[in-house]
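Reader: I have the model open beside me and would like to understand the wording used for it. Could you take me through it?

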Amino acid sequence: MRAAVLTAPGTVELSDRPDPAEPGPGELLVAPEAVGICGSDIHYLHGDPALYQFPRVLGHELIATVRATGPGGGLAVGQQVAVWPLQACGHCDTCRAGRPNACPNFSLIGIHTDGGLQDALLAPEGQCFPIVGEPALMTLVEPLSVAIHAVARGAVTTEAIVVFGAGPIGQLIGFVAAEHGARVLIIDRLQSRLELARTLGMETLLTGADSDVLARARAWAGGDGPPVVFDATASPAAVADTLSLVRSAGRVVLVGLAGEQEVMPFGVITHKELDILGASVCTREEFAAAVDLVQRRGEHLRPLLTGQVPLQDAGEALRQVAERPAESMKVVIRVGVDA
């Protein structure tokens, strides 16, 4: 079978690999149909070999078709599935507390084990959710599940919320918050991304050229400012802005994957008595909710899809997303489709 293999930082090779073994109890053999490129894939693409394992087949935003089932399997051959990539240990304190997405020992398909950029792979049946839809559009399930979890962490209701960062996760946080009845303002430095946010029904604010962006965002929210602010950038400057903008006793939810170390302004956290909340991946229930939401409302999210390429062009697609992120919102690799 074919596989797009990240053999070293920056190097993706299309290789022939042996077919997987027959699925055992609790396993499915699935044939990937479509895989979305995620920011964490770009982190891996340029990853330090001391921190990342090579070779690796990327791809955790995965839609597939069941090719074979293990003994006693409950899903039918030919069933389309969305694959929840997270497998927690199930026995640590965090798992026992009902928060497997924060398990210190969790494993992600496409990050810790080989993922969807190959013609076939074995997956736990319990992580495969039946779905029906256009494969490329259905790849939004996984990033949408991250947004659902982030909005749940922020306990968003019918209030004014602000999102820093209009990349895919920021856009989806705004979409989910709006589904909860919230008013949404999204802030970014790229006008093209803000134009997309407006097509999805969000209000927008361009940052960078305007030194009064925080004052304008505070005025938009009304009162003492927004009760909930999300950061989907991992930029230290943006994180500092979230702390300045949120009202006293408010909530700040950090979703971006930080690449820089920065000292947070602890004084404002204490003075304003803020709740600072991390958001990591999602729970099983939130992934199931994303499957349902994409099937019901996926057409509304279609503008997020900015390109589709066949598996043999996966390496070039990853490099293009890494080098020109402003031009790429969500690029999908169609595994079973030739050029």
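**Helices, strands and one threonine**

Author: Gladly! In this predicted model, helix α8 (residues 236–245) lies across β10, β13, β14 (251–254) and β15, and runs at about 180° to β13.

Reader: Which order do the strands of the open sheet have?

Author: The six strands come as β12-β11-β10-β13-β14-β15, with parallel pairing. On average, neighbouring strands are turned by 20° against each other, direction ignored.

Reader: Why are β12 and β15 called edge strands?

Author: Strands β12 (203–206) and β15 (275–278) each pair on one side only.

Reader: How do you know that β10 and β13 pair?

Author: Pairing takes at least two bridges. Strand β10 (residues 160–164) and strand β13 (residues 228–231) have four bridges, in the parallel sense, so by that cut-off they pair. Ile161 stands opposite Val228 in β13.

Reader: Why is Thr242 called buried?

Author: Buried means under 20% relative accessible area. Thr242 has 0%, so the word applies.

Reader: Where does Thr242 lie, and which residues is Thr242 in contact with, leaving aside neighbours within four places in sequence?

Author: Thr242 lies in helix α8. With those neighbours left aside, Thr242 is in contact with Phe164, Val229, Phe230, Asp231 and Val252.

Conventions:
Residues numbered from 1 in each chain as written. Predicted model: local features only at pLDDT ≥ 70, side-chain atom pairs only at ≥ 80, totals over all residues. Heavy atoms only, no water. Helix = DSSP H or I, 4+ residues; strand = E, 2+ residues; numbered from the N terminus. Axes fitted to C-alpha atoms, helices over the stretch in contact; angles between N-to-C directions. Contact = heavy atoms within 4.5 Å. Buried < 20%, exposed > 50% of the residue type's maximum accessible area, 1.4 Å probe, protein only.
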